[in-house]
Every structure is written in structure tokens, then in C-alpha cells.
Amino acid sequence: MFHHLLIVIDDRAKAFRAVLVGLRLARCLAACVTVVFVVPALPGAREARGGSSRDTVTRGRAVFERVRRVASALGVTCTCRFAFGRDLDATTAEVIERNACDLVIVSTDGLRPVRTKAAWR
């Protein structure tokens, strides 16, 4: 049914729940997973929430380490990637279009769901 799942997350604390749901689903379906960590480009010097993009990438690497450990424990093939962009919706839509995935899981706490042409196929 689903052979390749795409999980789109950012650096918010509850985003890892989407990873856990996706990895468990992939295990049940014998599917592979691509986890994309979205790093928004910061306008100006610094935002109140985030610090710099470099800090976000550092946090993303830590998340990827955790994702790889969980995927390995579940026996799921997993690829981790970064996506950079100023507009979160456009960046997410581009990632969805670029990766030929059967199912897209988006963290509801961090990122808003994106409707693209691929989502309606």
C-alpha cells in the first residue's frame, strides 16, 4: 500500500511524536522513511524563538541521531535530510514534490499541513 513515507518536522519539542508515529507505521507496512527537518531562514539577525539557523541545524543533528536509533531498533530503513527556506509552507511543499513518497506525515504542533498537487494524487 505505502512503500515510502515522508515525515516533515521542525525543532519544536512535540515534533518528534510525528517521527514515532511514522516509524511505527513504516514498520507495520514494511516501508522506508525519509525524515525532513525544516530549518526556516531567519529574517534579520535573530528571532525570539530560535537563535540562528546554525543552532537549529545543531538541534536537527541531535534529532537525527535519535531518529536513527529508533529506526534501527524498529528495523526501518530511514534517511534524514535538512530543508532550508524562508517560507515554511513553500519549503514543505517543495520537499513533498521532490520526494516521491506515498504518504506524508506532518507534525501538527510545529508545521501546518500543506496542500499541494502531490497531496491530491
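This is a predicted model: local features need pLDDT of at least 70, side-chain atom pairs count only at pLDDT 80 or more; totals for chains, interfaces and linings use all residues.
Starting with the big picture, the protein chain has 3 helices and 4 strands. Read from the N terminus, these elements follow the order β-α-β-α-β-α-β. Of the chain's 121 residues, 43% count as buried. As for how the chain contacts itself, take the pairs of residues at least 6 apart in sequence: 70% of those contacts join residues at least 24 apart.

Next comes the helix pair. Helix 1 (residues 16-29) and helix 2 (residues 53-74) have axes that come within 10 Å of each other, crossing at roughly 25 degrees. That angle is under 35 degrees, so the two helices count as roughly parallel to each other. The crossing of helix 1 and helix 2 is right-handed. On the helix 1 side, the residues involved are Phe16, Val19, Leu20, Leu23, Arg24 and Arg27, and they meet Val63, Arg66, Val67, Val70, Ala71 and Leu74 of helix 2. Sorted by type, the residues of this contact come out as 9 nonpolar and 3 charged, with no polar ones.

Then there is histidine 4, which sits in strand 1 (residues 4-9). Its relative accessibility is 18%, and because the cut-off for buried is under 20%, histidine 4 counts as buried. The histidine 4 side chain makes a polar contact, at 2.7 Å, with the side chain of threonine 34. Setting aside neighbours within four places in sequence, histidine 4 touches Ala31, Cys32, Val33 and Thr34, along with Ala100, Cys101, Asp102 and Leu103.

Note on methods:
Residues are numbered from 1 along each chain as its sequence is written. Side-chain values use heavy atoms; hydrogens and water are left out. Axes are lines fitted to C-alpha atoms, for helices over the stretch in contact, and angles run from 0 to 180 degrees between N-to-C directions. Angles under 35 degrees count as roughly parallel, over 145 as roughly antiparallel, 65 to 115 as roughly perpendicular and the rest as oblique. A crossing is left-handed if the near helix is turned anticlockwise from the far one by less than a right angle, and right-handed if clockwise. Contact means heavy atoms within 4.5 Å. Ala, Val, Leu, Ile, Met, Phe, Trp, Tyr, Cys and Pro count as nonpolar, Asp, Glu, Lys and Arg as charged, and the others, Gly among them, as polar. Buried means under 20% relative accessible area, exposed over 50%, partly exposed in between (1.4 Å probe, protein chains only). A polar contact is a pair of N or O atoms within 3.5 Å; within protein, one must be able to donate a hydrogen and the other to accept it, and residues adjacent in sequence count only if both atoms are side-chain atoms.
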